[in-house]
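Okay, thanks everyone, I'll keep this short. Have a look at the sequence and the structure first, and then I'll walk you through the fold.

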Amino acid sequence: MSGIRTNAAAVMLGISPNTLRSWERRYGFPQPHRSQGGHRQYALAEIEALKLTLAETHNVSSAISLARERGEGPPSASRLAAAFAAFDEELSNRVLEESLALRSFERTVEEVLLEGVAAHDDTHHRTAEYEFAWRHATGWLSALKRLSPPASRGDGIMIFDASVPCDIDAVFAQALELILRREGLRTLLLTPSIETARLGHALRALDPSAVVLTGRRVALDSIGRLVYGVRGIVGEVAVFDFRGAVPDTGASTVCRLGETPVAARDLLLRKLDERRAARAPDSGHPSRPVSLSPPSAAW
């Protein structure tokens with residue numbers, strides 16, 4: 001999702017790299033963003049749009065005007081990443097709105113929003129472009145959360161997000177919560193730093209069927225104590241991992257939901273349906289009493 005380099009873009013357009021750079025200076029289009037190493041990265045959609053309009057007009061200025069008028073190609077993660085790189089809030093919103101007109105909400109979140117933010121994520125350096133992208137994404141998701149329909153299912157999902165501001169995992173956690181809400185589930189997203197003794201009211205109000213652990217800023221022992229405490233309050237509850245929150249030591253029996261929110265939602269719902277069927281009186285599989293093992297044991 002980092003775009004294409006100058007030489008590759010020039011080859012696609014049938015021009016020299018110097019000509020491409022001169023168009024950028026003169027017309028401001030195509031407008032690349034910069035990689036961590038300072039290299040130009042062109043959005044593929046812009047290059048493809050310009051290639052088509054050049055073939056139609058055979059005139060540079062007309063081709064660029066036409067490419068811009070057509071929206072610089074279909075809404076894509078690369079276009080959104082370029083808008084983030086330009087710190088252009090209006091364009092970022094427009095790309096997402098255009099995507100919603102063409103894609104489902106879930107596909108827009110996964111294929112455009114999350115990938116657009118991830119294009120600027122660097123585990124070694126925090127950039128202004130990434131922080132702008134992160135804050136824009138979290139604000140956009142928060143606004144849509146307020147518009148979610150009322151819950152239509154009985155299951156409650158408690159999400160413990162062990163990330164910190166500007167972690168990429170925090171955006172994924174927020175996206176997962178919103179996608180679960182749109183599926184009709186009741187959700188509550190909290191941090192695992194809350195003392196278990198102070199979670200009682202929240203847990204009893206939600207009465208969760210499942211706990212989802214996400215974020216990677218908490219130790220395994222702390223996770224074990226949290227789960228032990230939650231089960232001590234609400235009893236039997238399924239525990240799931242999203243995006244590697246629980247280190248894979250081989251001892252944990254936690255179910256892993258994977259890396260993306262839509263796949264996580266589908267697996268979570270399937271597992272909840274399986275548990276419900278196993279507990280049904282006529283299933284032939286009576287439910288087992290939950291074992292409140294000490295935190296040091298596998299869970």
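**Contacts, sheet and helices**

So, in the protein chain, 68% of the contacts with a separation of 6 or more are between residues 24 or more positions apart, a contact being heavy atoms within 4.5 Å. This is a predicted model, where local features need pLDDT of at least 70, side-chain atom pairs count only at pLDDT 80 or more, and totals for chains, interfaces and linings use all residues. Numbering starts from 1 along each chain as its sequence is written, and side-chain values use heavy atoms, with hydrogens and water left out.

We've got twelve helices and seven strands, taken as DSSP runs numbered from the N terminus: H or I, at least four residues, for helices, and E, at least two, for strands.

Now the sheet. Five strands form an open sheet, in the order β4-β3-β5-β6-β7, with parallel pairing; to pair, two strands need at least two DSSP bridges between them. β4 (186-190) and β7 (255-256) are the edges, each with a single partner strand, so one side of each has no neighbour in the sheet. β3 (residues 156-161) is joined to β4 by five bridges, and Ile-157 has Thr-187 of β4 as its bridge partner.

And what does helix α7 pack against? Its buried residues (under 20% relative accessible area, 1.4 Å probe, protein chains only) pack against α5 (77-85), α6 (89-102), α8 (128-145), α9 and α12 (261-279). Among those buried residues are Phe-105, Val-109, Val-112 and Leu-113.

Note on methods
Buried < 20%, exposed > 50% of the residue type's maximum accessible area, 1.4 Å probe, protein only.
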